[in-house]
Amino acid sequence: MANKHFTREEAQSYLNWLSEKFGAIKSFQDEIVELNEKIQKLQSGISLNGGGSMVEQISNYSNERDDISKLVEEEVQSIHKEGILVKSVEYPLVDFPSIREDREVYLCWQAGEKEIRYWHEVNVGFNARLAL
């Protein structure tokens, strides 16, 4: 059982904050994709001409990518610290532990939804969510 339980109103109050968090995460992920593309391009160049300074540039890009990955993890951890369960970062989806009819359930929210409108049992996922 979760340490914290949310009412619908409490969960609702986090939606703008979550949208900002997931916006930052998306920006970081876009940077990671761009760095991976640069690394791949340089790696294919090494096989053609032997490397040299390209190896150093790959190392720099890899370090930058690792630093940005840590920022993504920090953003996710900041959400978890609030008691909110991140179910997907790629398609922003979270669950808020809640109590419904004397049992623990999850209030469910996906980016783009204007309000908390769905819930599901803790042993099922997004596809089994029900309207509140």
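Me: Which helix has the highest confidence in the protein, and which the lowest?
Reply: This is a predicted model, and the protein averages a pLDDT of 92, with 93% of the residues scoring at least 70. Confidence is lowest in helix α2 (residues 15-49), where the mean is 89. The highest value, 97, belongs to helix α1 (residues 8-12).

Me: In what order do the strands of the open sheet lie?
Reply: In general, strands of a sheet pair through backbone hydrogen bonds, either parallel or antiparallel. Here 5 strands form an open sheet, and the pairing is antiparallel. The edge strands, each pairing on one side only, are β1 (85-88) and β5 (130-131). The order is β1-β2-β3-β4-β5.

Me: Which residue of β2 is the bridge partner of L85?
Reply: Strand β1 runs antiparallel to β2 (residues 93-100), and 3 bridges join the two. For L85, the bridge partner in β2 is D95.

Me: How far apart are the end C-alpha atoms of helix α3?
Reply: Helix α3 (residues 53-81) has 29 residues, and at 1.5 Å a residue these should span 42 Å. The model agrees with this expectation, because the end C-alpha atoms of α3 are apart by 42 Å.

Me: Which residues of α3 are buried, and which residue just after α3 takes a positive phi?
Reply: The cut-off for buried is under 20% relative accessible area. In α3 this group consists of M54, I58, Y61, S62, I68, V72, E75, V76, S78 and I79. Just after the helix, a positive phi of about 95° is taken by G83.

Me: How many salt bridges are counted?
Reply: As a general point, side chains of opposite charge can pair when their charged atoms come close. The rule applied here asks for a side-chain nitrogen of Lys or Arg within 4 Å of a carboxyl oxygen of Asp or Glu. By this rule, the number of salt bridges is 7.

Me: What is the distance between the closest N and O atoms in the salt bridge of R103 with E121?
Reply: R103 is partly exposed, with a relative accessible area of 29%, and E121 is also partly exposed, at 26%. R103 forms a salt bridge with E121. The pair links distant parts of the chain, R103 being in strand β3 (residues 103-110) and E121 in strand β4 (residues 118-121), 18 residues apart. The closest N and O atoms are separated by 2.6 Å.

Me: Where do E113 and R129 lie, and how many residues apart in sequence are the parts that the pair ties together?
Reply: The side chains of E113 and R129 meet in a salt bridge at 2.5 Å, N to O. E113 lies in the loop between β3 and β4, whereas R129 lies in the loop between β4 and β5. The pair therefore ties together parts whose separation in sequence is 16 residues.

Me: Is E113 buried or exposed, and which residues does E113 touch, not counting residues up to four places away in sequence?
Reply: Buried means under 20% relative accessible area. E113 has a value of 13% and therefore counts as buried, while R129, at 17%, is likewise buried. Leaving out residues up to four places away in sequence, E113 touches C108, Y118 and R129.

Me: What is the phi of E101, a residue other than glycine?
Reply: E101 lies in the loop between β2 and β3. Its relative accessibility is 63%, so E101 counts as exposed. The phi of E101 is positive although the residue is not a glycine, with a value near 50°.

Me: What is the phi of D102?
Reply: D102 is placed in the loop between β2 and β3. Exposed means over 50% relative accessible area, and D102 is therefore exposed, at 79%. D102 is not a glycine, yet its phi is positive, at about 65°.

Conventions
Residues are numbered from 1 along each chain as its sequence is written. This is a predicted model: local features need pLDDT of at least 70, side-chain atom pairs count only at pLDDT 80 or more; totals for chains, interfaces and linings use all residues. Side-chain values use heavy atoms; hydrogens and water are left out. Two strands pair if DSSP finds at least two bridges between them. Helices (H or I, at least four residues) and strands (E, at least two) are DSSP runs, numbered from the N terminus. Buried means under 20% relative accessible area, exposed over 50%, partly exposed in between (1.4 Å probe, protein chains only). The expected span of a helix is 1.5 Å times one less than its number of residues. pLDDT is the predictor's confidence in each residue, from 0 to 100. Contact means heavy atoms within 4.5 Å.
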